[in-house]
Each structure stands twice: as structure tokens, then as C-alpha cells.
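Subject: Structure handover and notes

Hello,

I am passing on the structure that we talked about, and my notes follow it. Please read them with the structure open beside you.

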Amino acid sequence: MPILNKFKDMGTFVMGKVEYVSIHEGDSLVVMPTKKHVKVVDIYCNEVQVKRAGPGENVRVGITGIEDKNTLSGSVLSSNTVKPVPVVTEFVAQLQILELHGRPILVAGYRDVRLHIHAAVEDCAIMELISQIDVKTREVMKNKVLFVKNGDVKLSMRSVCLMM
């Protein structure tokens, strides 16, 4: 569950949407990327206390084992304490260029990229342009791309987060 918000009210509470597996009262979870182990004390769905919440449900979860100040929006509650959600600084993604503000082309090394995932916002740089992809057929049109322009087709790229 990505943590969208947090607050302290007779304990630490985090809010978010359950994405994958169910959360049960009494579960032991790990908060990533801090790797802090927590225990689920309470679960509220639509202001009603419940024993479990499943995928797609927006919940407020009371947890113990972590201070409010160590819980950040954008962190993730992971149910697998042995092999939790991985933390990465580099990733491969596909993106479609709609508009480049103030630049005619996009090249490797471009640093004006903001990655928004749930509540997390990170500055990123494009390290490599891997290939151009046709939007309709999703087939690779060209490998080893040097640059792309406004309105070009989809792009497969390798990027790195600058601030973690």
C-alpha cells in the first residue's frame, strides 16, 4: 500500500489505497524504503473499523513500531517482510512525448523530468534513449535513438532518480 498521508491521533495512522494483497489487523509489515518493521493495530475503511481490507480499498491504518516523523508520503507498506518492495534509483520506462517546454528536442542527459508515482515526486534524468515505439502497433521502430521531438512516438528510456 503506497502511503498517501499520515497523522498522529492516539497512535500513528497512515492512509492509502491497498494495491495488491489484503491487510489484516495484527499483520507485521515493513515500511519501504526505511525498512522499519511495523504492526497493524487498526484498519478503518470509510470511517468504519474493519478486520481486513482488500485491493482497491482506501483505508486508514493504525500502526506501531515507527514514529510519525519517520513515515513519509510516498513510502510503501509491504506485506512481504522477507523480500519487500525493492528500492531503485534507476529504471527503464516507456514515455510518450506530448510537449517539450522550451526545447525542440529531448536527448540523453535531459534532467527536467519529474516522476510522479502515487504521493511520491522525484526529480529524474534520462540517461539513455533505448528505442522509439509505434503508438498504434507497439512495435519497436528504431533502436539506439539519439533524440526525439515534440509529438514523436513512444520512447523506451533508462532513467535515474536524482534525489532519494
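K35 lies in the loop between β4 and β5, where helices (H or I, at least four residues) and strands (E, at least two) are DSSP runs, numbered from the N terminus. This is a predicted model, in which local features need pLDDT of at least 70 and side-chain atom pairs count only at pLDDT 80 or more, while totals for chains, interfaces and linings use all residues. Residues are numbered from 1 along each chain as its sequence is written, and side-chain values use heavy atoms, with hydrogens and water left out.

Most residues other than glycine have a negative phi, and most peptide bonds are trans. K35 is not a glycine, yet its phi is positive, near 60 degrees. With a relative accessible area of 58%, K35 is exposed (buried means under 20% relative accessible area, exposed over 50%, and partly exposed in between, with a 1.4 Å probe and protein chains only). The loop between β4 and β5 also holds P33, which is joined to M32 by a cis peptide bond with an omega of about 15 degrees. Another positive phi, of about 55 degrees, belongs to N46, which is not a glycine either; N46 lies in the loop between β5 and β6 (48-50) and counts as exposed at 67% relative accessibility.

Next come the aromatic rings. Rings of Phe, Tyr and Trp (its six-membered ring) pair if their centres lie within 6.5 Å, and planes under 30 degrees apart count as stacked, over 60 as edge-to-face and the rest as tilted. By this rule there are two aromatic pairs. The ring centres of F7 and F13 are 5.5 Å apart and their planes are at 10 degrees, so this pair is stacked; F7 is partly exposed at 24%, whereas F13 is buried at 6%. F13 and Y44 have ring centres 6.2 Å apart and planes at 50 degrees, so their pair is tilted. That pair links distant parts of the chain, since F13 is in strand β2 (residues 12-17) and Y44 is in strand β5, 31 residues apart. F7, F13 and Y44 form one aromatic cluster.

In soluble globular proteins, nonpolar side chains tend to be buried together. A nonpolar core is here a set of buried Ala, Val, Leu, Ile, Met, Phe, Trp, Tyr and Cys residues joined through side-chain atoms within 4.5 Å. The largest nonpolar core has 17 residues, and those with the most contacts inside it are M1, V14, V38, V59, V61 and L77. At least two residues of this core are supplied by each of β4 (28-32), β5 (36-45) and β8 (58-64), and the largest share, four residues, comes from β5. A second, separate core of nine residues includes I97, Y110, I126 and V148.

Finally, there is a pocket to look at, where a pocket is an open set of points on a 1 Å grid over the protein atoms alone, where a 1.4 Å probe fits, with protein on both sides within 12 Å along at least five of seven lines, and lining residues have an atom within 4 Å of a point. Of the 17 residues that line the second largest pocket, L95, I97, E99, D112 and V113 are the closest to its centre. The largest share of this lining, four residues, comes from β10.

Best wishes
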